[in-house]
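Biologist: I'm new to this one, and I'd like to learn how to read it. Could you walk me through it a step at a time?

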Amino acid sequence: MEWAVGALIFATITVLIALVLVFRELRALKAGQKRDESWEGRSESLETLLAVLPHAVLVVDRDGVCLEEFSPADRGPAPEILDRLSDDAHSAYLQALRLAVDEGQTQQLRFLHEDRWYVAEIVPLPPHSYRPNTATVILRDVTAQKQSDSRAEQLGVRNEAILRSAMDGFFVVGEDYRFLEVNDAFCRMTGYEAQELLGLKISDLEVNEPPRGLGASTHARTGLHHFSTTHQHKDGHRIQLEISVIVLRDRGSKILVGFARDVTERIRAEEALRESEERFRRLSDLTFEGIAFHENGRITDANQSFARMFGYDLSEIVGGEGLDLIAPASRARVSRNFLAGYDKPYKAIGLRKDGSTFPIDIRGRLIPQEGRRLMVCAIRDVTVARRAEQALRKSEKKYRDLVETSHDLIWALDAEGRWTFVNQAVKRICLYEPEELIGRPFTDFMTPEQAAKDLELFERTKQGIPYFQYETQWLRRDGTPVILSANAIALRDEQGNVVGVTGIATDITERKKAEHERQRLERRMQEAQKLESLGVLAGGVAHDFNNFLVGILCNTSLAMEALSKDSPSHSHLQKIITASRRASELTRQMLAYSGRATYDAHPLDVSALVSELADFLRATLPKNVKLEVTTQDDLPQIEADSGQIQQVLMNLLINGSEAIGDKPGCVIVATSLRTLDDAEITLDFAEQNLVPGRFVCLEVRDTGCGMTPETQARSFDPFFTTKFTGRGLGLAAILGIVRAHRGSIKVQSTLDVGTSFSVLFPALERPSKDVASGEVRRTLPAASTVLVIDDEEDIREAVEAVLTGRGVRVLTAASGVEGLEIFAAHADEIGAVLLDMTMPGMNGDDVLQQILEIKPDASVILSSGYTEQEVIKRFGTKRLAGFVHKPYTPDVLVEQVGSVLERRGRLPRERSTPEAERKDEGIETS
């Protein structure tokens, strides 16, 4: 996404520079008519000025030969710098110089020379001012500025990234304790969006509870910079925060900068721990098992059951040696197991206070704690338990039956990794009979890579390190993989020696497939969101372009009307109009990509369109590419702009032929009818806003080189191409056209096989009204008054010139507030208001509302670079007299204003308006 945004910004800057040069050309044209002083009279003062300039100034001819030089003493001779340029830089310099001299337009060139950056501005000299075919070169050293800008930008980006990505919350509040800035972590912490927090005070989130009754603002005033407070989450629950703050001064005002950490869960955990310890103490005293804590062999704590078991009071046991409670015959084993940290149950003989012995089971576990060797030991009197061993053996068969009927795979391996037991679940999961596995190494049923991983876990398990929820992959009898989630522990004999490994495994193959599908759908949704974000950016850039183009088109048209066709300036003005129209085409491409372009939609038979274009399409393809057309008859119509659908078809055909290249190949165009239900849309079009129903499908397939998955994932990115740069929006514009028609596009490609694009449009159930075209209005009544409200000065001046030239009185306002004042003073005189939709301060929506309050029947024409559909969404049911889309020409402006004035009865209708009036959600247009 970063390179796509960069490409759009670069295109924006390029067009803006072109606009500046166009206005300079117009000013130069006006200034040339007033020039009456001689060159000789200004020569001396010019030389004086050049001598004190901080940059080198040269006068050169068309071939770069220096005729005069004015270089600062500390910069060195400028001609030598230009002469020592690299071949590429020198060639670019000469090309820019000759373009400036030949075209009469200022050029600017940036280059790197001997580790320093220079900017050369080449200004052509008029032939009568010095000498024909000459220019002035101003050479500036911008190395320091470039380095400073780069360091500042890197530092700013780094600091912002650090604060935005911090795990702790970050906030800044002003002197009134209102939030000025917050990061994402603080928003998550409090449950508010950033914009919501910026309207709140920090005290709005605080809950004053004793003993933490002081808020963050109070702590800051009292000098406490690290403290805990209670805040209220947006959903109402309370959270505990640890806050660190510091008071700083920013532009003469005090601000409070702070970091916050949510410690709610930690405090809850501490309270839960205290409660747990208390519960443990109570439960341990109630249990029949004896529990004791040992450190270096001495008993540090024990429960009452432990003391009763050995016939002592608790006070007599604590502090004594643990082995004193073990019969001499078992002390060596118990000591060895304690030292080894053995954590499995084993048998021993206990020694009571009265000297009697009794059988016990012991289980101990080490508790590492800052270098101390602590062990908790549980001891059970198994005198009664041994009597139950016989009954336990009798019940063994019952438990074996449970194992055999288990849904999960239960298995056991010997110390060499060979199967010793496996239950019947292996038949269902792996398609093997249990006896087929007995005696064989478990690695026989895995790929070599998986076997190496599982062997490592097997060896670790034999060392007493169990593993849980480990995912492994086995092979079924038919060779297909099965994914298992396994748990395993070591098998030990009565002496504690490892004799094998046992475990249980669950078949999660289907669950993994479902997770993979979910991830695939999430990736597709992310791609759709990325394209939507880029579309919003492209639409905004196109809106700004349209504002500039209104001034250019109107002013240039007026200039052409004032000049005769044989004027030398006529051709220059025509070039300006041509360049402006090309810029307008660029905005249409941007709007097409964003899905906000304006289309002339009408019922369209896609099959008939493809059939009509078949011969033309064949002529446009190379000789080695064969075109096959297959259309389905009786397809329902779609509501679409036929020109835009032709563009989609042509672009896909060109892509297909370029994918085929020089080898023989075929491009197939087919139409069909598809009906999609919810399941199909979820599977294939989850990221696109489709509703179930009938769709007309236009499919274009080729037998070309195909695309890799990486190329296919980026195929709809703006300016992305696998051929050469400068290809424009390409498939991205097609995607915009399809989205604007409420359709969808799907691409399938296989490398070295070919690519298929399927474009779906909703089938039309009803025909739309035809719209006729008419003549262009040329005149307006002199008695009419129009108020123009627009924050762009160039647009106001251009509209005023167009309407005044046709006999209309024009009032102008640079803002909504000024426009309302003028309208209130001249409401009875004003026949129509031309209102810009987007202005700083009071926008078009607010201005329209107040105009209608002043005069409910006022005729307001809205002007915007956005489409009419976007305006309808924003203004809802507010009544408008008309809409004019930027950029517009003088003829379009006059036609729209004249239509509105006719409806108000201020202009007698000269002829019937050929374009039918229509009303759509409160907007009336002509």
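Modeller: Let's begin with a word we'll need: a contact means heavy atoms within 4.5 Å. Take T785, which touches V808, R809, L811, E829, I830, G831 and A832, leaving aside residues up to four places away in sequence. A word on the source: this is a predicted model, where local features need pLDDT of at least 70 and side-chain atom pairs count only at pLDDT 80 or more, while totals for chains, interfaces and linings use all residues. Residues are numbered from 1 along each chain as its sequence is written, and side-chain values use heavy atoms, with hydrogens and water left out.

Biologist: Where is T785 found, and is T785 buried or exposed?

Modeller: Helices (H or I, at least four residues) and strands (E, at least two) are DSSP runs, numbered from the N terminus. T785 sits in strand β29, residues 785-789. Buried means under 20% relative accessible area, exposed over 50%, and partly exposed in between, using a 1.4 Å probe and protein chains only. At 4% relative accessible area, T785 is buried.

Biologist: And how many helices and strands does the protein have?

Modeller: There are 30 helices and 35 strands. Of the 926 residues, 41% are buried.

Biologist: How do I read a pair of packed helices?

Modeller: Two packed helices are described by the angle between their axes and the distance between the axes. Axes are lines fitted to C-alpha atoms, for helices over the stretch in contact, and angles run from 0 to 180 degrees between N-to-C directions. Helix α26 (residues 793-804) packs on helix α30 (residues 890-903) at about 65°, with the axes 10 Å apart. Angles under 35 degrees count as roughly parallel, over 145 as roughly antiparallel, 65 to 115 as roughly perpendicular and the rest as oblique. So α26 and α30 are roughly perpendicular to each other.

Biologist: Which residues of α26 and α30 meet?

Modeller: V799, V802 and L803 in α26 meet P890, L893 and V894 in α30. By class, that contact has 6 nonpolar, no polar and no charged residues. Here Ala, Val, Leu, Ile, Met, Phe, Trp, Tyr, Cys and Pro count as nonpolar, Asp, Glu, Lys and Arg as charged, and the others, Gly among them, as polar.

Biologist: What about α22 and α25?

Modeller: Helix α22 (residues 642-660) and helix α25 (residues 731-740) pack at about 145°, with axes 10 Å apart. On the α22 side the contact includes Q644, V648 and L652, and on the α25 side L731, I734 and I737. The residues of this contact divide into 5 nonpolar, 4 polar and no charged.
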